[in-house]
Amino acid sequence: MKTILSLLLVLSLAVNVGFLSGCAEFHDPVYGNPCRRSVREPSPAPAGDDAKARLEEIADLLGIPAGGKSASDLASDIRYALDRETFVPSGLTGSELARAKNQLSSEQARKIEEIQKFVDSLQGKRIVVVGAGD
């Protein structure tokens with residue numbers, strides 16, 4: 001029994017060495033010729049002008065000047081603008097909110113409470129704010 005297991009271990013090691021070394025006798029029957037593992041279908045890339053035009057639109061929305069920049073430069077600038085750390089205000093404390101509600105009418109107090117809930121919901125989230133322009 002030990003002899004059979006030893007023989008199977010040696011055979012397994014030899015086959016693995018054959019696969020790792022790229023030996024065609026081991027590789028071709030399993031993966032085919034040309035290799036199905038390394039040959040991938042090229043993913044369709046957007047046309048260069050369309051992609052750059054879309055990047056220019058996004059850069060314009062973010063207020064990034066796009067004049068004379070390549071598509072990769074625009075993509076880098078957009079990524080930088082979106083990855084910057086943003087500050088989300090902490091909002092009012094419980095006592096500040098109660099004091100504000102006492103000084104406002106019931107309608108205004110309701111509105112300030114809704115705003116406070118919204119600001120609290122932003123904590124810990126990533127936010128991208130894009131202005132509508134003039």
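**View 1. Gln116 and the residues it touches.** In this predicted model, Gln116 makes contact with Ser90, Gly91, Leu92 and Leu97, leaving aside residues up to four places away in sequence. If you want to find Gln116, look in helix 6, which covers residues 106-122. Is Gln116 buried or exposed? Its relative accessibility is 8%, and buried means under 20%, so Gln116 counts as buried.

**View 2. The buried side of helix 4.** Here we zoom in on helix 4, which runs over residues 71-83 and has 13 residues. From its first C-alpha to its last, helix 4 reaches 18 Å, close to the 18 Å expected at 1.5 Å a residue. Which residues of helix 4 are buried? They are Leu74, Ile78 and Ala81. These residues sit on the same side of helix 4 because they cover an arc of only 65° around the axis.

**View 3. The other face of helix 4.** Now take a look at the face of helix 4 turned away from its buried side. This is where you'll spot Ser72 and Tyr80, and both are exposed.

**View 4. A nonpolar patch on the surface.** Met1, Ile4, Leu5, Leu8 and Leu11 make up this patch. Together, they have about 570 Å² of accessible area. Let's pick out one member, Leu8, which lies in helix 1 (residues 2-21). With a relative accessible area of 49%, Leu8 is partly exposed. Why doesn't Leu8 count as exposed? Exposed means over 50%, so the 49% of Leu8 puts it in the partly exposed group.

How values were computed: Residues numbered from 1 in each chain as written. Predicted model: local features only at pLDDT ≥ 70, side-chain atom pairs only at ≥ 80, totals over all residues. Heavy atoms only, no water. Helix = DSSP H or I, 4+ residues; strand = E, 2+ residues; numbered from the N terminus. Expected span 1.5 Å × (residues − 1). Buried < 20%, exposed > 50% of the residue type's maximum accessible area, 1.4 Å probe, protein only. Arc of directions from axis to C-beta. Patch = residues over 30% accessible without salt bridge, like charges linked within 9 Å, V, L, I, M, F, W, Y side chains within 5 Å. Areas by Shrake-Rupley, 256 points an atom, 1.4 Å probe, with all protein chains shown as cover. Salt bridge = Lys/Arg side-chain N within 4 Å of Asp/Glu carboxyl O. Contact = heavy atoms within 4.5 Å.
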